[in-house]
Every structure is written in structure tokens, then in C-alpha cells.
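The sequence and the coordinates are shown first, and a description follows.

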Amino acid sequence: MPYRRPASATALSILFLFAASISVARAQTPTNTLPRTPDGKPDLSGIWQVMNTAAWDIQDHNAQKGVPAGLGVVVGNEIPYRPEALAKKRENYANRATADPESKCYLPGVPRIMYMPYPFQIFQAADMITVLFEYVHATRAIYTNGTQHPPGHIDWWMGDSRGRWEGDTLVVDNVHFNNETWFDRAGNFHSEQLHLVERFTPLDRDHITYEVTVEDPKVFTAPWRMSMVLYRHREPNFQILEYECFGFDNEFHAPVPSN
Amino acid sequence: MSRPLFAAVIASVVAGAMLSAGAARIAAQGPPPPPKNPPPPGWIDPRNPPKEDPNWQPPRTADGQPNIQGQWNQASDIITYSIEDPEADRAEHIAISGQRAMVGRPIIDPIDGKIPYQPWAAKYREFLYEQHRKPSKPQFLDPVSRGFQEGVPRISYQGTFQIKQFPGTVLLTYDYHHSYRVIPLDGRPHAGKDIKLWMGDSRGHWEGNTLVVDVANLNDQTWFTIIGDFHSNALHVTERWTPTTADHIVYVATVEDRNVYTQPWKLRVDYRRQPVDEQWESAVWEGNRTADVVLGDSKK
């Protein structure tokens with residue numbers, strides 16, 4: 001007969017784990033020591049970057065040559081594609097070397113740019129949060145002044161972002177996307193009906209939990225979520241440099257003659 | 001040809017080129033003439049700017065910087081097509097397009113309003129000018145037309161931009177091509193000399209009410225104009241941003257490049273405050289066909 005743990009012991013250990021997780025959470029969430037702006041909101045200013053492999057594939061994936069293995073960032077790992085959309089995703093994957101908009105150096109859209117392997121810098125004012133990306137010097141303006149999305153539909157690569165604070169969480173609503181960007185190099189995609197809700201929750205002064213809820217009734221049968229951590233760059237004098245993607249093509253290189 | 005004779009021929013050709021280029025430059029001494037075409041209402045002439053109250057003091061940000069935040073656009077009528085003589089350089093363009101002749105000549109030093117090219121560089125600039133309508137190779141087409149960033153100081157006369165100030169940093173965000181510049185004020189050193197950037201590496205500090213920005217680490221791939229005003233990667237730019245009233249900033253950039261110019265030169269832009277707009281997406285590269293259209297077969 002297989003060994004069975006007494007129910008009371010299981011309950012006790014669950015209780016113990018729960019208590020331990022609370023104390024760990026408290027130790028890691030000294031919200032009273034978070035940097036704050038003059039209006040009392042958590043100050044997200046700084047240079048951030050993920051430490052994951054979502055840029056290659058947002059779902060669980062094994063290593064390939066040049067591709068690190070990774071645990072997915074999709075909560076539950078499955079993406080609820082409509083059947084015809086799943087076929088399209090597989091086609092994208094097969095043709096990814098040329099079909100991926102990243103290969104054309106286009107603005108990569110949201111949320112993809114948030115987890116590409118390049119740093120980005122947040123500047124936070126009371127009425128708007130400006131996000132500057134090293135990758136193709138992309139920018140995001142997240143308005144936190146109570147304004148609504150402009151009437152649309154508007155086809156923008158990076159969408160339109162309107163944010164609000166729920167306690168210490170910055171909640172950003174995003175619409176007005178085009179249908180030309182992907183989520184990753186594995187062909188995960190969306191339509192122009194993409195609607196994103198991002199949640200930025202500081203864990204401590206150097207870490208932010210970044211969650212995104214993805215809705216797109218044209219491509220998915222239900223909303224789904226991603227979750228990951230943004231890490232603050234702590235290196236002294238760290239700065240954003242440039243990744244001008246389309247500037248590497250030799251045909252555009254123009255050596256200046258010298259005297 | 002014997003080696004000494006070859007050297008002598010080369011020397012005389014170079015000397016002749018220097019003489020003719022030098023003569024052309026010397027002939028142009030004295031300030032440029034007033035515009036032939038009517039400037040737009042509110043135009044600020046860099047050679048005859050409005051008198052400002054020297055005792056005016058700007059408001060301050062919470063951390064004590066002179067507050068120059070807001071949205072600004074140049075009142076100098078500068079077009080990136082030409083900064084030496086846009087009326088003449090664009091004459092054909094204006095005749096075809098029917099666009100207004102823009103009159104800004106922002107170079108205030110040397111006094112003739114011309115870029116003080118070294119003789120060899122004047123010849124290369126002449127070549128690029130001749131190429132600009134129908135370039136024989138992609139690299140002879142204006143880099144901005146090829147989708148690249150403007151560099152400094154060209155971005156300073158491109159169009160509307162916003163200044164945002166934070167403790168220890170001034171941030172510039174431009175309407176065109178979502179370009180931005182982060183200007184740290186904390187005295188940190190420039191990035192290492194091998195780092196080269198389209199928009200350069202900016203370090204700022206306040207001298208009284210003037211924001212002084214040292215711009216280094218610039219690459220050699222940007223031009224100041226569509227018609228080929230170029231520099232090497234020894235380019236170094238010093239900017240002085242001085243608010244003179246609540247609605248006016250005077251910008252002077254000193255441009256140095258020992259490889260290309262005979263002396264440092266200065267360019268002035270006057271900015272007027274505008275109501276602050278949302279900066280909506282300006283996707284420039286995505287689907288850009290300029291190079292294909294302009295270059296045609298020569299792109300191959």
C-alpha cells in the first residue's frame with residue numbers, strides 16, 4: 001500500500017508554507033521604502049530590462065542553435081488560438097526567418113518591445129510616463145492625466161497607451177494597433193483588434209512585476225496573460241545606447257573620405 | 001611618369017584646387033544678403049534678433065533648474081535641405097513643387113554664413129551636391145531620406161519637439177521619427193571613444209540660465225542637410241540653450257571637426273513656445289520606399 005500522508009499533516013504543511021510565503025513576500029515587498037514621486041506614486045524611473053527568453057518564444061521552448069531554452073511567460077503556457085489562427089501561427093513559425101517583422105527592422109509593437117533583449121528607460125512625470133527604448137529608438141507615451149484613447153480605429157505600430165494607478169500598480173490600457181507586429185520570433189501574432197492591459201507592480205526598488213492581459217477576439221477565443229519581472233540596471237553610469245537595426249545593411253554604409 | 005614628377009603634378013593639382021576653392025570662399029566674405037523671398041510672419045533673423053530683457057529670470061523646476069519645459073518649434077525658417085543658401089539651393093525644387101521658399105540661414109560664424117570646409121572637403125561637398133537629385137549610389141542619398149536619424153545639430157532644426165526636465169536629466173523628444181535625446185546633468189563622463197551613435201552622447205550642465213550640452217561620440221553617417229553637408233566621426237558639438245523670455249529660447253551650436261573644417265563654426269536657431277500636443281507616432285522606416293524610388297536602378 002502506498003504511503004499516504006495524514007490529512008492533518010498536509011494541512012499543517014500547507015499552512016506553514018502559506019505563512020512562510022507571506023513572510024517572504026513581506027520581506028521582498030518593503031512598499032514603504034519604494035522610491036516615490038512627489039505625488040506619492042511609486043517612482044518607476046530608471047533603466048530596465050527583462051532577464052528571460054520571451055523574445056524568442058513566449059511559450060515554453062527547448063534550446064536550438066542560437067536560441068536559449070526558456071520557461072514561457074504565458075500564464076498556463078497555452079494560448080487560446082482560434083483554429084484558423086493556430087494554423088497561421090504555425091505558418092508564421094515555418095516562415096519566421098523572413099516573415100517576422102523584426103527581420104525588417106520595423107517597430108516591434110507592444111508588448112513585444114518590453115521583453116526584447118535591449119534596455120529601456122522610464123521617465124515618470126505626474127501626467128505622463130515616457131518610455132525610451134534602445135531598440136530602433138522606439139518610444140511609448142503612457143498618459144496618466146485621465147485622458148481617454150483618441151477615437152479610432154488608428155493603425156499604430158506601438159498603439160495608444162492610457163494609464164492609471166490602482167494603489168501601487170500602474171495599469172495601462174492599450175488599443176489602436178496595426179495587424180503587422182508579432183509577439184515573438186516564434187510567430188505568435190494578433191490582429192488590429194488587439195487590446196492589452198498591462199500592470200506594472202513594483203516588487204521592491206529594483207524589480208517590477210510586469211503582467212499583460214491580451215484580448216483579440218479575431219485571433220483568440222479567450223483573454224490570456226503573460227507575467228514576468230523587469231530588472232533595474234544597477235551598473236554605474238549605465239545608459240541607453242542605439243540599436244539602429246536598418247543601419248547595419250552594407251548597402252547603406254557611406255564611408256566619409258578622409259583628407 | 002617618374003615618381004618626383006608625379007608628386008609635383010599631384011601637388012600642383014591640389015594647390016590649384018585649394019586656390020580655387022579658397023578663392024570661392026574668400027569672395028563670399030561679409031554677411032549674406034537679406035532674403036529675396038518674404039519670410040513667414042514672426043520670423044526671427046539670427047543676425048538681427050529681437051532685444052530681450054537681460055534681467056528676465058526663468059521660473060525654476062522643483063530641483064532648481066531654469067524651467068524650459070514645454071513644446072517648441074523653430075522661428076528661424078530653416079529647412080534641412082540647405083543651411084547656407086536655401087533660396088538658391090532649392091530654386092529648382094521650389095519651381096517644380098510650388099512650395100514656399102524658406103529663407104533661414106542659421107550659420108552666424110563665420111560671418112558669411114558658409115560652412116568653412118577644408119579645400120578637399122569643399123570638393124567632396126560639391127560632388128555630393130551634384131549627386132543629390134539623382135544619386136549614383138545609395139550612400140550619396142541624404143541619410144535621413146534613407147530612414148536614418150538626423151544627428152546633432154540637424155535634429156535641432158527639423159521640427160517640433162518637447163523639453164521635459166527631471167532631477168538630474170533633461171529629456172528632448174522630437175515629433176519626427178520618435179527621436180529622443182537623454183541629457184544627463186550629473187557630471188558623468190562620456191561613453192568610451194569607440195562608442196559611435198547617430199544622435200551622439202550628450203552631457204549637460206547649467207551655466208546660469210544657459211543649458212550647456214557637450215555632444216560627443218557622433219558617427220560619420222549623418223549630414224546637416226539634404227544636399228550633402230557632411231562631417232567625419234571627429235565631429236564635436238557644443239550646444240548652448242538660453243531662454244530669453246518665457247516663450248523664446250536661443251540655441252547656438254558650435255560645430256568642430258578638425259578633419260573637415262578649417263575652423264569651428266556656429267549655427268543659431270530661435271525657438272518659440274507652442275501649446276503642448278500629444279506626440280503621435282511618426283513611423284519613418286516602416287515601409288519607406290524613398291531610397292527605392294529615388295535611386296531606382298542605381299540601388300542595385
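The model described here is predicted. In chain A, strand β8 pairs with strand β9, which spans residues 224-232, in the antiparallel sense. There are 8 bridges between β8(A) and β9(A). One of the residue pairs can be named: A:Ile208 has A:Leu230 of β9(A) as its bridge partner.

## Strand β8 and its two faces

Strand β8 of chain A runs from residue 207 to residue 215 and has a covered face and an uncovered face. The covered face consists of A:Ile208, A:Tyr210, A:Val212 and A:Val214. The uncovered face is made up of A:His207, A:Thr209, A:Glu211, A:Thr213 and A:Glu215. A:Ile208, the residue bridged to A:Leu230, therefore belongs to the covered face.

## The hairpin with strand β7

Strand β8(A) also pairs with strand β7 of chain A, residues 195-204, again in the antiparallel sense. This pairing extends over 9 bridges. The two strands, β7(A) and β8(A), form a hairpin, with 2 residues between them.

Which residue of β8(A) stands opposite A:His195? The residue is A:Glu215, a member of the uncovered face of β8(A).

## Chain A as a whole

Chain A contains 3 helices and 9 strands. Along the sequence, these elements follow the pattern α-β-α-α-β-β-β-β-β-β-β-β. The chain has 259 residues, of which 34% count as buried. When contacts in chain A between residues at least 6 apart in sequence are considered, 55% of them join residues at least 24 apart.

## Chain B as a whole

The secondary structure of chain B comprises 5 helices and 10 strands. Chain B has 300 residues, and buried residues account for 35% of them. Of the contacts in chain B between residues at least 6 apart in sequence, 63% link residues at least 24 apart.

## Where the chains meet

How many residues of chain A are in contact with chain B? There are 32 such residues in chain A, and they are in contact with 34 residues of chain B. Three strands of chain A, β2 (120-124), β3 (128-133) and β4 (139-143), each supply at least two residues of the side that touches chain B. By residue class, this side of chain A divides into 19 nonpolar, 10 polar and 3 charged residues.

Terms used. Residues are numbered from 1 along each chain as its sequence is written. Chains are lettered from A and ligands numbered from 1 in the order in which they are written. This is a predicted model: local features need pLDDT of at least 70, side-chain atom pairs count only at pLDDT 80 or more; totals for chains, interfaces and linings use all residues. A residue is buried if 20 or more other C-beta atoms lie within 10 Å of its own, exposed if 12 or fewer, and partly exposed in between; C-beta atoms are placed from the backbone. Helices (H or I, at least four residues) and strands (E, at least two) are DSSP runs, numbered from the N terminus. Two strands pair if DSSP finds at least two bridges between them. Two residues are in contact if their C-beta atoms, placed from the backbone, lie within 7 Å. Ala, Val, Leu, Ile, Met, Phe, Trp, Tyr, Cys and Pro count as nonpolar, Asp, Glu, Lys and Arg as charged, and the others, Gly among them, as polar.
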